[in-house]
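Open the model in your viewer and keep the selection panel at hand. The tour goes stop by stop, with a selection at each one.

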Amino acid sequence: MDLYGKMAVTQDGRQKDSPDQNFDYMFKLLLIGNSSVGKTSFLFRYADDSFTSAFVSTVGIDFKVKTVYKNDKRIKLQIWDTAGQERYRTITTAYYRGAMGFILMYDITNEESFAAVQDWSTQIKTYSWDNAQVILVGNKCDMEEERVVSVDNGRLLAEQLGFEFFETSAKDNINVKQTFQRLVDIICDKMSDTLETDQGVAMGTPNAKLTDNPSPPAHTDCGC
């Protein structure tokens with residue numbers, strides 16, 4: 001079974017063959033970053049289009065599943081929400097293996113969370129596979145009056161680390177969907193570059209739009 005085909009993930013993050021045939025590809029994605037930067041709220045906004053201001057720290061790790069479509073291919077996203085506290089670090093890093101993409105998040109109102117980005121980046125390089133794609137996200141951009149990390153500093157750090165960059169707000173639903181869409185797009189681009197020709201062609205046109213719904217059936221002039 002190839003890395004991007006029909007796969008499932010065991011409890012410790014290892015991949016195995018899956019009996020579920022209702023998708024063409026499965027991408028394992030991880031949300032990482034310091035505690036309280038908004039990872040859980042970000043995931044709930046994307047997966048369920050919901051938001052709550054009540055903060056409950058993630059214990060260990062949790063995940064949600066969302067299906068998207070590109071070039072009529074059904075892509076199952078298994079999105080893992082990791083705890084940011086140091087005491088859970090051994091647990092969460094076990095899930096890095098096999099992850100195709102990471103959203104590395106900091107809080108624009110928290111300088112400490114921004115300073116920790118370099119350490120999180122090192123963990124990705126240490127525990128994940130070499131071709132894992134990463135997007136750096138400065139969350140809580142709705143809290144402009146409390147900002148301590150500038151947009152320019154966030155973008156500069158992303159460039160230094162070789163990551164793409166977004167500022168987002170789970171509360172106001174700013175760039176949440178766009179971040180996930182871009183992460184899936186760059187994973188698909190990497191697939192086309194690294195897999196065998198038939199696998200690359202299977203993903204279709206590289207610039208095709210990612211959607212939440214399958215394409216409508218094509219209509220013909222046939223009267224039968």
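Buried here means under 20% relative accessible area, exposed means over 50%, and partly exposed lies in between. Keep in mind throughout that this is a predicted model.

**Stop 1: the cysteines**

Select cysteine 188. It has a relative accessible area of 3%, so it is buried, under the 20% limit. How many disulfides does the structure hold? There are 0.

**Stop 2**

Side chains of opposite charge can pair when their charged atoms come close. The structure holds 8 salt bridges. Select aspartate 107 and lysine 140 for one of them: N to O is 3.1 Å. This pair links distant parts of the chain, 33 residues apart. Aspartate 107 sits in strand S6 (residues 101-107). Lysine 140 lies in the loop between strand S7 (133-139) and helix H5 (151-161).

Is each partner buried or exposed, or does it fall between? Aspartate 107 is buried, at 5% relative accessible area. Lysine 140 is partly exposed, at 21%.

Stay on lysine 140 and check its backbone. Its phi is positive, about 70°, although the residue is not a glycine.

**Stop 3: a salt-bridge network**

Select Glu144, Arg147 and Glu167. Salt bridges link these residues in a network. Start with glutamate 144 and arginine 147, whose side chains meet at 2.9 Å, N to O. Glutamate 144 is partly exposed, with a relative accessible area of 47%. Then go from arginine 147 to glutamate 167, where N to O is 2.8 Å. Glutamate 167 is buried, at 11% relative accessible area.

**Stop 4**

In soluble globular proteins, nonpolar side chains tend to be buried together. Select Phe27, Leu29, Leu77, Ile79 and Ile103. These have the most contacts inside the largest nonpolar core, which has 26 residues. Which elements give two or more residues to this core? They are strand S3 (25-33), helix H1 (39-48), strand S5 (73-82), S6, S7 and helix H6 (176-194). H6 gives the most, with 8 residues.

Zoom in on isoleucine 79. Setting aside residues up to four places away in sequence, it touches Leu29, Leu31, Leu43, Tyr46, Asp62, Phe63, Lys64 and Phe180. Next, move to a second, separate core of 25 residues. Select Ile32, Phe114, Ala132 and Leu157, which are among its members.

**Stop 5: the second largest pocket**

The second largest pocket holds about 220 Å³ of space. It is lined by 14 residues. To find its centre, select Ile124, Asp130, Ala132, Val134 and Phe163, the lining residues closest to it. Helix H4 (117-127) and S7 are the elements that give two or more residues to the lining. H4 gives the most, with 3 residues.

**Stop 6: another positive phi**

Most residues other than glycine have a negative phi. Select aspartate 72. Its phi is positive, about 65°, and it is not a glycine. Look for aspartate 72 in the loop between strand S4 (61-70) and S5. Aspartate 72 counts as exposed because its relative accessibility is 58%, over the 50% limit.

How values were computed: Residues numbered from 1 in each chain as written. Predicted model: local features only at pLDDT ≥ 70, side-chain atom pairs only at ≥ 80, totals over all residues. Heavy atoms only, no water. Salt bridge = Lys/Arg side-chain N within 4 Å of Asp/Glu carboxyl O. Helix = DSSP H or I, 4+ residues; strand = E, 2+ residues; numbered from the N terminus. Buried < 20%, exposed > 50% of the residue type's maximum accessible area, 1.4 Å probe, protein only. Disulfide = S-S within 2.5 Å. Core = buried A, V, L, I, M, F, W, Y, C linked by side-chain atoms within 4.5 Å. Contact = heavy atoms within 4.5 Å. 1 Å grid on protein atoms, 1.4 Å probe; cavity = no way out; pocket = protein on both sides within 12 Å on 5 of 7 lines; lining within 4 Å. Points joined across faces, edges and corners; volume = space filled by probe spheres on them.
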